[in-house]
Structure formats: C-alpha cells, structure tokens
Amino acid sequence: MTNLGLEFVVDLRTASEAEGKPDILPPNAHLRSIDILGGAPGSAAAIPGQPTEEMAKMIASLTLDAAHEKMMETYRDLVSNDVAAAGYASLIRIVLEAEGAPVLYHCTAGKDRTGWATAILMSAAGVPYDSVLAEYLSVNPAVRALFEPLAARFLSAGLSPEIADELISVQKSYLDTAFAEVDAHFGGFEGYLRDGLGLDASELADLRNLLTR
C-alpha cells in the first residue's frame with residue numbers, strides 16, 4: 001500500500017467501529033472519517049463491526065425474512081437517509097479534491113457502505129447497471145472468506161447458515177432495492193446526484209471528467 005501514492009483514506013465506519021480497529025495510514029496519506037450510518041445506527045451494515053454482546057442481541061431472534069428485510073432497509077437508508085446522503089456527497093468531494101490522485105475508501109465489511117459508494121461513482125461515470133451489479137457481486141467470495149469466523153459465531157448463536165449468509169453476503173436484490181429507491185425518490189440517478197447528494201452541475205462535470213479521462 002505504501003507504493004500506491006494514496007492521497008486520502010476515507011473511513012466510512014461508525015465511531016465505535018473505527019475505535020475498535022483504527023486505520024493505519026501509509027506515508028503522506030490523509031484520513032477523512034465519514035460516518036455513513038450516523039442517521040441509522042441500527043443498520044445491518046454495521047453488524048460485522050459491533051461488539052459480540054450487541055451483535056448477539058440483534059441477531060438472536062432473526063428469521064430469514066427478517067434478516068432479508070433488515071438488509072433491504074439498510075440499502076434504502078443508504079440512498080434516502082440524509083446523513084448517508086451528506087456522507088456520500090463528502091466522499092465525492094474528496095475524490096474531486098484529490099484531482100486524480102488515488103483515494104481509498106472503506107467500511108468494515110467492504111460490501112454495503114463501500115459497495116454503494118462504488119455504485120455511485122460507477123453510475124456517475126456512465127457505467128451501465130449490469131456492469132455495476134457485476135462489480136458489486138464480485139466481492140462475495142472475499143467477504144465470505146473474511147467473515148468466516150463471524151459466520152461461525154452466528155451459527156453458534158443458533159442462526160441457520162442461510163440467515164448468516166443473508167447478513168454477510170451481497171445480493172442482487174440489495175442493489176436493486178437501492179436503485180429502486182433512487183428512482184422512487186429522485187426520478188433516476190441524475191436526480192439522485194443532483195437533488196439527493198446536492199452536487200451542482202460543475203461538480204458533476206468535474207467528476208465525470210475525472211472518472212473517464
């Protein structure tokens with residue numbers, strides 16, 4: 001990582017997640033913290049970073065349908081929650097500030113908050129939805145391997161493998177839900193970037209030029 005020339009490392013985690021595992025920055029990189037879930041602290045996206053006791057309480061009574069709905073709710077929040085929208089707008093402005101220098105952004109699992117950030121950037125660059133979806137789903141093998149110990153704790157707490165995977169993996173229905181939320185509230189992705197994230201015409205033009213040059 002020291003050879004990547006990172007300008008910024010953007011941490012999308014909650015304060016409690018970051019406190020447990022603070023970022024170790026490479027030389028000359030600047031840390032920016034953006035709590036995407038600040039307006040939705042009970043979001044399923046934070047489950048992998050929560051203390052075991054809190055996590056156990058949250059998942060103890062989950063059914064498969066409830067786990068799926070909790071994830072769908074998370075993706076609706078990523079789009080429509082005001083704090084999340086402000087956070088993603090800040091991330092885009094950091095990318096613009098870097099002026100083409102490398103920017104690394106991350107959360108805890110690297111799939112929900114980070115996945116939606118990538119979907120925003122790819123969509124803003126004009127990448128078709130099928131390609132955005134393929135990129136989003138491609139993280140599943142790495143995420144499942146990373147959180148195999150967490151899945152084992154889920155199973156030991158009495159959850160079925162199906163429920164555990166519902167919380168750990170990414171699914172087409174999750175991203176579909178986020179894009180449906182974009183359409184329902186903003187009339188499409190252009191409206192989301194403009195009205196949801198508050199990006200002006202100059203920022204959008206600069207972003208597209210930066211991402212496609």
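Trainee: How far does helix α3 (residues 64–80) reach from its first C-alpha to its last, and what span is expected for it?

Mentor: Helix α3 has 17 residues and reaches 24 Å between those two atoms, close to the 24 Å expected at 1.5 Å a residue, where the expected span is 1.5 Å times one less than the number of residues. This is a predicted model, in which local features need pLDDT of at least 70 and side-chain atom pairs count only at pLDDT 80 or more, while totals for chains, interfaces and linings use all residues. Residues are numbered from 1 along each chain as its sequence is written, and side-chain values use heavy atoms, with hydrogens and water left out.

Trainee: What makes a stretch count as a helix or a strand, and how many of each does the chain have?

Mentor: Both are DSSP runs numbered from the N terminus, a helix being a run of H or I of at least four residues and a strand a run of E of at least two. On that basis the chain has 12 helices and three strands.

Trainee: Why is the chain called as compact as a globular protein of that length?

Mentor: Its radius of gyration is 17 Å, close to the 17 Å that the globule rule gives for 213 residues, so the description holds; the radius is taken over C-alpha atoms, and the rule is 2.2 Å times the number of residues to the power 0.38. Along the principal axes, the C-alpha trace spans about 50 × 40 × 30 Å.

Trainee: Which residues of α3 are buried, and what puts them on the same side of α3?

Mentor: Buried means under 20% relative accessible area, exposed over 50%, and partly exposed in between, with a 1.4 Å probe and protein chains only. In α3 the buried residues are Ala67, Met71, Met72, Thr74, Tyr75, Leu78 and Val79. They cover an arc of only 150 degrees around the axis, which places them on the same side of α3, the arc being that of the directions from the helix axis to the C-beta atoms. An α-helix has 3.6 residues a turn, so residues three or four places apart point the same way.

Trainee: What do the buried residues of α3 pack against?

Mentor: They pack against α4 (82–98), α5 (113–124), α6 (129–137), α9 (161–168), α10 and α11 (189–196), contact meaning heavy atoms within 4.5 Å. Thr177, found in helix α10 (residues 172–186), touches Met72, Tyr75 and Arg76, not counting residues up to four places away in sequence.

Trainee: Is Thr177 buried or exposed, and what lies 2.8 Å from a polar atom of its side chain?

Mentor: Thr177 is buried, because its relative accessible area is 11%. The atom at 2.8 Å from its side-chain polar atom is the backbone oxygen of Ser173, and a polar contact is a pair of N or O atoms within 3.5 Å; within protein, one must be able to donate a hydrogen and the other to accept it, and residues adjacent in sequence count only if both atoms are side-chain atoms.

Trainee: Why is Arg13 called buried, and why is Ser16 called exposed?

Mentor: Arg13 has a relative accessible area of 8%, so it counts as buried, whereas Ser16 has 52% and therefore counts as exposed. Arg13 is found in the loop between β1 (8–11) and α1, and Ser16 lies in helix α1 (residues 15–20). The side chains of Arg13 and Asp11 are joined by a polar contact of 2.8 Å, and the side chain of Ser16 makes one of 3.2 Å with the side chain of Thr14.

Trainee: How do you know that Asn81 caps the N-terminal end of α4?

Mentor: A side-chain oxygen of Asn81 lies 2.9 Å from the backbone nitrogen of Val83. Just after α4, Glu99 takes a positive phi of about 55 degrees.

Trainee: What makes Leu207 count as buried, and which residues is it in contact with?

Mentor: Leu207, in helix α12, has a relative accessibility of 1%, so it counts as buried. Leaving aside neighbours within four places in sequence, Leu207 is in contact with Ile92, Val95, Leu96, Leu121 and Ala124. The C-alpha atoms of Leu207 and Ile92 are separated by 7.8 Å, although these residues are 115 apart along the chain.
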